[in-house]
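Subject: Structure handover

Hi,

Here is the structure for your files.

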Amino acid sequence: MLTGWRLHLSKCFIIPHRYIVAIMGFLAILNAYTMRTTLSIAITEMVIPRNSTSSGDHGCPLEGDGQGDGPIIKNPEDLYDWDETTQGLILSSFFWGYIITHMPGGILAEKFGGKYSLGIGILSTAVFTLITPAVIRLVDGDWRWLCALRVCVGLGEGTTFPAINALLAKWVPLSERSRLGSLTFAGSLLGTVLGTSLSGILIKETQDWASVFYFFGGFGVVWFVIWTLMCYSDPESHPFISDKEKNFLRKELANVSNENNPIPWKAILTSVPLWALIAAQIGHDWGFFAMVTDLPKYMKDILKFKIDENGLWSSLPYVLMWIVSLGSGWLCDWIIKKEYMGITFARKFFTTVASMGPAVFIVGASYSGCDRYLAVALFTIAMGLMGTFYCGMKVNALDLSPNFAGTLMAIVNGIGAISGIITPYLIGALTTDHTLEEWQLVFWITLGVFTVTNIIYVIFASGETQWWNNVDKSETGTVDNTIDTALGKTVMHNV
């Protein structure tokens, strides 16, 4: 009876369950990023407008009648006196909590399964997002309470990437790693697109910044319900996966242990390829977080876009980045399968494109003057090129150690997220006068961070499974620790 029930349910799904897990993981990250980024748009309408000149050093001239948008928020009690430095602290406070739960999230995902670590994290993020407007109004705009609330949002979301990595390690074979990994991680891009574009529209139509928190928080709750019913931590525990797919994954993922093996901390923390990956993550996060948290402010303060236009044009770069991430994922898998590139070379090549391309075009955008649409075009190209990060360094933790992928992602993403604490505060402190020259300095600093971190990655990174992935080897001291040189040789995995 039970076997027949499982067989009947398995036939209800047209696509393999590993794709369903990847799609639901994509939607998890999408939800996480909508809830993370909405404040970047909302805060531009939550603060009392500052008096400044409409041209010259304080940004570009206003279009039309020179009056801009006019006030969007009609209730003056919903506007707060937060200066640029305070806004920087508010925007960075999310990451104070975000980095704390990375390591516990990764360890719990490997020990108890990624399903619950991911699901509970997204649900708590959604709940804290939903109560944000009520808390702000209750404390009469005391920014310290908003910071505390954003720390709680970060605590919930910090488990997301470690849990996702643990799930992918149990569900995705090597031959599909680049494209399914890129699909899943690209949820951050579409989430940023929806978070920024819809936030501007919602605020304009409702004349209430609170609407964005209710809207995206509600979607997070809906995702949690569907996730709980449909997805499981690994193929063996899935009640209605087909025997054909289960046997296929057993064969393809033979090197992935389903046991709760002890984590070889010393080997992991002294791994040169891992520290190279951390460097690349810092570079990626510095540039990405600078754009996610502060591009809407640049669009408003310098380019003088209206709120609905701000959301639209701020989201456009992430549309292209999403398209590029999916296309480059398929391309990377094809190149590796055809043996045109080894895994190590491919990871380094696509990471370099994702680092140096955005660095150059972001600086170029800041020198486009008041040509609004040229600036948007250059920002869009920059972020589009950043999309190749996902088949480059973003899936690299899965290469290094499928058995400890959640722990590695916790280390890499947790340390990289420190950039999220630094960049919004630094940008706020450097742009107090809203001048183009201040923003040019911000983008030159971003170029420098991209360049240094990419050089480290190119020299020391590897795409090969590390010796410590096998716990028995780490315990007996049998070490086969060959480190690839900058663009050196790589041993191809047989697919």
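One definition first: buried means under 20% relative accessible area, exposed means over 50%, and partly exposed is in between (1.4 Å probe, protein chains only). This is a predicted model: local features need pLDDT of at least 70, side-chain atom pairs count only at pLDDT 80 or more, and totals for chains, interfaces and linings use all residues. Residues are numbered from 1 along each chain as its sequence is written, and side-chain values use heavy atoms, with hydrogens and water left out.

Salt bridges

The whole structure holds 8 salt bridges. The criterion is a side-chain nitrogen of Lys or Arg within 4 Å of a carboxyl oxygen of Asp or Glu.

- E236 and R250 pair at 2.8 Å, N to O. E236 sits in the loop between α11 and α12, and R250 in helix α12, 14 residues apart. Both ends are partly exposed: E236 at 37% relative accessibility, R250 with a relative accessible area of 44%.
- D208 and R137 pair at 2.9 Å, N to O. D208 is in the loop between α10 (187–206) and α11 (210–230) and R137 is in helix α6 (residues 132–138), so the bridge ties together parts 71 residues apart in sequence. D208 is partly exposed at 22%, and R137 at 33%.
- R18 and E245 pair with their closest N and O atoms 3.3 Å apart. R18 is in helix α2 (residues 17–46) and E245 in helix α12, 227 residues apart. Both residues are buried.

Shared partners join R18, E176 and E245 into one network.

Helices here are DSSP runs (H or I, at least four residues), numbered from the N terminus.

Helix α12

Which residues of α12 are buried? In this helix (residues 243–252), they are E245, K246 and L249. Seen down the axis, the buried residues fall within an arc of 100°, so they line one face. That arc is taken from the directions from the helix axis to the C-beta atoms. K244 and K251 are exposed on the other side.

Cysteines

There are 0 disulfides, the cut-off being a pair of cysteine sulfur atoms within 2.5 Å. The sulfur of C391 has its closest cysteine sulfur in C332, 4.3 Å away, too far for a bond. C391 is buried, with a relative accessible area of 0%. C231 is buried too, also at 0%.

S92

S92 lies in helix α3 (residues 84–98). S92 is buried, at 1%. Beyond neighbours within four places in sequence, S92 is in contact (heavy atoms within 4.5 Å) with G420, I421, P424 and Y425.

Best regards

Technical notes. Helix = DSSP H or I, 4+ residues; strand = E, 2+ residues; numbered from the N terminus.
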